[in-house]
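Thanks for coming, everyone. Let me put the model on the screen, and then we will walk through it.

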Amino acid sequence: MFTDSHCHLTFPELAANWPSISDAMQTARVTRAMCICTTLEEFPTVHEFALSQPHIWATVGVHPDNEGVPEPSLDKLLEWGRLSKVLAIGETGLDYYRLNGRSVADMEWQRNRFRTHIAAGRALHKPLVIHTRSASEDTLALLKEAGECGDSDSAGGVFHCFTEDTEVARRALDLGFYISFSGIITFKTAQSIRDVAALVPLDRLLIETDSPYLAPVPYRGKTNNPSYVPWVAKELAAIKQCSIEDIAKRTSSNFDVLFKVST
């Protein structure tokens, strides 16, 4: 019924407990999930896990905030992006939150990494899983610079775990992207994110956990897992004034459309 569009099931906190997490997902009617790759070294594990599970898919990419790791070449992203059950390129994007004394100009390595991912997504016609933090202007500018506008040549994709303002959301939607909300939307301090959710059309919404991080209320502070994604759907249902079943159906359908999943 529910689809967790973004989680890290191969991270140690979750991998060690997969049998119990799988059982919890069944109980919560979370029937599908996307396991997200964050480094090249991690990809074989992510891919093998996706191949071993009937309703788990994978991505390939290097997270923008990962430093001191092998850089992804276009050829490598294209090679691995063509493999079975790899539905998207990412997670990728820009993250200027921890500059550590550097300037934004010093982050050209991140922008070049992002450009490589965009090129791979466009070449493969596979969507991008976008991470952006304190970098929305450059994130949107690089996508637009690469030709991302929602046309038939665009890779498209999703701005995951959305934490930006309504103006950034409108601009992302204008470029053809989807918006995904995590457990943050349930936090008392997240009214601005709920305001964004109110304006995002139902046909451009996704839900996620980003587990093992960002567990929703009432599990905030605990290790997150995909069985908690219905709490995100419940909050969205309240915002959209519809049933949780409607949110489950819509977001699962949107997942199928965006990531070209045959149903």
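Is Arg29 buried, partly exposed or exposed? Arg29 counts as partly exposed, at 43% relative accessibility. The cut-offs are these: buried is under 20% relative accessible area, exposed is over 50%, and partly exposed is in between, with a 1.4 Å probe and protein chains only.

Some ground rules. This is a predicted model, where local features need pLDDT of at least 70 and side-chain atom pairs count only at pLDDT 80 or more, while totals for chains, interfaces and linings use all residues. Residues are numbered from 1 along each chain as its sequence is written, and side-chain values use heavy atoms, with hydrogens and water left out.

Back to Arg29. Its phi is positive, about 65°, although Arg29 is not a glycine. Arg29 sits in the loop between α2 and β2. On element names: helices are DSSP runs of H or I with at least four residues, strands are E runs of at least two, and numbering starts at the N terminus.

Asn100 is another case. Phi of Asn100 is positive too, near 50°, and Asn100 is not a glycine. Asn100 belongs to the loop between β4 and α5 (108–124). Asn100 is exposed, at a relative accessible area of 65%.

Now the cis peptide bonds. One joins Gly90 and Glu91, with omega about 15°. Glu91 is part of strand β4, residues 86–95. Another cis bond links Ser211 to Pro212, with omega about 20°. Pro212 lies in the loop between β8 (205–207) and α9.

Next, helix packing. Which residues of helix α2 are buried? In α2, residues 18–27, they are Trp18, Ile21, Ser22 and Met25. They lie on the same side of α2, because they cover an arc of only 100° around the axis. That arc is taken over the directions from the helix axis to the C-beta atoms. The buried residues of α2 pack against α1 (12–15), β2 (30–35), α3 (43–52) and β3 (56–60). Contact here means heavy atoms within 4.5 Å.

On to α3. Its buried residues are Phe43, Val46, His47, Phe49 and Ala50. Down the axis of α3, they fall within an arc of 160°, so they line one face of the helix. They pack against α2, β2, β3, α4 (74–81) and β4.

Then α8, residues 191–199. Ile193, Arg194, Val196 and Ala197 are buried there. Their arc around the axis is only 155°, which puts them on the same side of α8. The partners of these buried residues are α7 (166–174), β7 (178–181) and α9.

That leads to the nonpolar cores. A nonpolar core is a set of buried Ala, Val, Leu, Ile, Met, Phe, Trp, Tyr and Cys residues joined through side-chain atoms within 4.5 Å. Which members of the largest core touch the most others? Of its 67 residues, they are Leu9, Leu143, Phe159 and Phe181. Helix α9, residues 229–240, gives the largest share of this core, 5 residues. Take Phe181. Beyond its neighbours within four places in sequence, its contacts include Ile193, Val196 and Ala197, which are also buried residues of α8. Val232 and Leu236 are in contact with Phe181 as well. A second, separate core has 13 residues, among them Val129, Leu206, Phe255 and Leu258.

Last, the pockets. The grid is 1 Å over the protein atoms alone; a pocket is an open set of points where a 1.4 Å probe fits, with protein on both sides within 12 Å along at least five of seven lines, and lining residues have an atom within 4 Å of a point. Volume is the space filled by probe spheres set on the points, which are joined across faces, edges and corners.

How much space lies in the largest pocket? About 370 Å³. Of the 20 residues that line this pocket, the closest to its centre are His63, His131, His160, Cys161 and Asp210. Strand β5, residues 128–133, gives the most to the lining, with 4 residues. The second largest pocket has a volume of about 230 Å³. It is lined by 13 residues, and Gly150, Asp151, Ser154, Ala155 and Gly156 are the closest to its centre.
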